[in-house]
Amino acid sequence: MNIPKSNFSEWYNSITKDAQLCDIRYGIKGFVVFMPWAVMSMNRMYAMYEDALERRDHLPALFPALIPESYLTRESDHVKGFVPEVFWVTEAGLNKTEERYAMRPTSETAMYSMYSLWIHGTRDLPLKIYQRCQVWRYETKATKPFIRSREFHWIEAHNCFATREQAMAQVYEDMEMAQEIIHGKFCIPFIFFKRPQWDKFAGAENTFAADSLMPDGRTLQLPSTHMLGQHFSKAFDIKYTDEAGKSEYVWQTCYGPAISRIYAALIATHGDDKGLVLPVRLAPTQVVIVPILKEETKAKVLEKCKEIKKALECCFVVKIDDSDKTPGFKFNEWEMKGVPIRIELGMRDIDAGIAVVARRDTGEKMKIPFAELDAKLDEIAQAIDKNLLSKADTWFATRLSSATKMDELNDILEKNPGFVKVPFCTDEMQGEKCADLIKEKCQANVRGSKFGSDEVPKSEKCISCGAHATIYLYAARQY
Ligand SMILES: [Zn+2]
């Protein structure tokens, strides 16, 4: 790594290559190979998210990747939103297919076609099913590995309820789950915004999305959860018979934590000039032992390394780097890969009965007696994750500001980009013109209102049109 993180875009391209997180040389534009070091962390992220879902009574399933065109086009807003991005399958072997099949861009229509067969009465509700899968979208904007590519990896949860209130409660639970996992475990700060009507998910009544910030102050959308109302249940005829024998359409929600994109936020949030920095709980290797080898004591030192590895393996993923490279080279390499804890061990240390332990997040070095290593490493690991969270939160807080005039908004977005709270006339469809003006004058997007946002004083005027303001919305430059 020789690019400072302050030059974020270049730094990001360089770290994804140098740490071997992905290979962008695959022969289809916008399709990227995700490499082992990234996939091992992503697998840990999946496991934590899936565990959180299952603890909340979601069940796993796997639906086909191909969706018949006749399913995809059943809900009219959904079609308009997604059809321009679909990859189509039109041939199978030597034959043309009977109809076109979409490579799923998202699975509402695949899953709901089956839900209508599965749901009959109140005892079939709530139905809460998720799947871990890839989706394909023909992105026309510039692609960037993990941030935006034409194939990405995610979890999608799709739920049916008897009442609107139960569906809304699920939306809140989804937001709380993101807080527990993405903030609490991945140490990534974000804000949940209720998207304005002109920017909601195609086919939803309302969209709530978690927006994180990249180091350059531009926002990246992490999971979103959608109140679908009865739009899809009417299109797919998903009905249940209530206790009184009356047939009712179900209320639906869906939720999409895009793990590959959250991984981008992980790289960006915690990395530094030396490379990746990973929370201990997500690192593929958590402790690396680097032996300081001299020919005459080599066997003894390696033996001690193995002994330490064995003792630590109860609680950590440990690797001994006994390759032929110099210790200095190894230090740099493992720092670049973000391994949270390094143990250095030479004959002199062994004679003194101590190990030298270095923290990746702070660079701090400590001498720890062998007998205390186990307990101390536990403490250090917890301290690292705690430090990453508090560092990220502190930085995030410096990127929240507010403006009431367009010039002021533009000035902030130039000097201290992040989320800027602005008074706005409305987040209903008629406000879109005012949002367009912000885009034109400040190259920023209106992300929505903050959940539980403060009341607007009567004197406030819309930053765009000057009419009476009814709501505070947040503007940011986006990925
Ligand atoms: Zn306005």
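This section describes the domains, sheets, helices and nonpolar core of a predicted model. Residues are numbered from 1 along each chain as its sequence is written. Because the model is predicted, local features need pLDDT of at least 70 and side-chain atom pairs count only at pLDDT 80 or more, whereas totals for chains, interfaces and linings use all residues.

The domain assignment of the protein chain gives domain 1 (8–270), domain 2 (285–382) and domain 3 (400–476); such bounds come from an automatic or database domain assignment. The C-alpha centres of domain 2 and domain 3 are 51 Å apart.

Helices (H or I, at least four residues) and strands (E, at least two) are DSSP runs, numbered from the N terminus. In helix 1 (residues 8–18), the residues Trp-11, Tyr-12, Ile-15 and Thr-16 are buried. A residue is buried if 20 or more other C-beta atoms lie within 10 Å of its own, exposed if 12 or fewer, and partly exposed in between, with C-beta atoms placed from the backbone. These four residues lie on the same side of helix 1 because they cover an arc of only 125° around the axis, the arc being that of the directions from the helix axis to the C-beta atoms. The buried residues of helix 1 pack against strand 1 (22–23) and helix 8 (259–270); residues are in contact if their C-beta atoms, placed from the backbone, lie within 7 Å. Gln-20, which follows helix 1, has a positive phi near 50°.

An open sheet of 3 strands has the order 4-6-5 and antiparallel pairing, where two strands pair if DSSP finds at least two bridges between them. Its edge strands, each pairing on one side only, are strand 4 (66–68) and strand 5 (88–92). Neighbouring strands of this sheet are turned by 50° against each other on average, direction ignored. Axes are lines fitted to C-alpha atoms, for helices over the stretch in contact, and angles run from 0 to 180 degrees between N-to-C directions. Strand 5 and strand 6 (residues 95–103) form 4 bridges in the antiparallel sense, and Glu-91 stands opposite Lys-96 in strand 6.

A second open sheet, of 5 strands with mixed pairing, has the order 16-15-17-18-19. Strand 16 (318–320) and strand 19 (365–369) are its edge strands, each pairing on one side only. Strand 17 (residues 341–345) pairs with strand 18 (residues 354–359) in the antiparallel sense over 4 bridges; Arg-359 in strand 18 is the bridge partner of Ile-341. Helix 9 (residues 298–312) lies across strand 15 (287–291), strand 16, strand 17 and strand 18, at about 170° to strand 15. Helix 10 (residues 327–336) lies across strand 15 and strand 17, also running at about 170° to strand 15.

Strand 20 (residues 400–402) and strand 21 pair in the parallel sense over 3 bridges, and Ser-401 has Val-420 as its bridge partner in strand 21. Strand 21 (residues 419–424) is largely enclosed by the rest of the structure, because 6 of its 6 residues are buried. Phe-419, Lys-421 and Pro-423 point one way from this strand, and Val-420, Val-422 and Phe-424 the other way.

The largest nonpolar core has 127 residues, of which Ile-262, Tyr-263 and Ala-475 touch the most other members. Such a core is a set of buried Ala, Val, Leu, Ile, Met, Phe, Trp, Tyr and Cys residues joined through C-beta atoms within 7 Å. Helix 8 contributes the largest share of this core, 8 residues. Leaving aside neighbours within four places in sequence, the contacts of Ala-475 include Leu-409, Val-420, Val-422 and Ile-438.

How values were computed
Contact = placed C-beta atoms within 7 Å.
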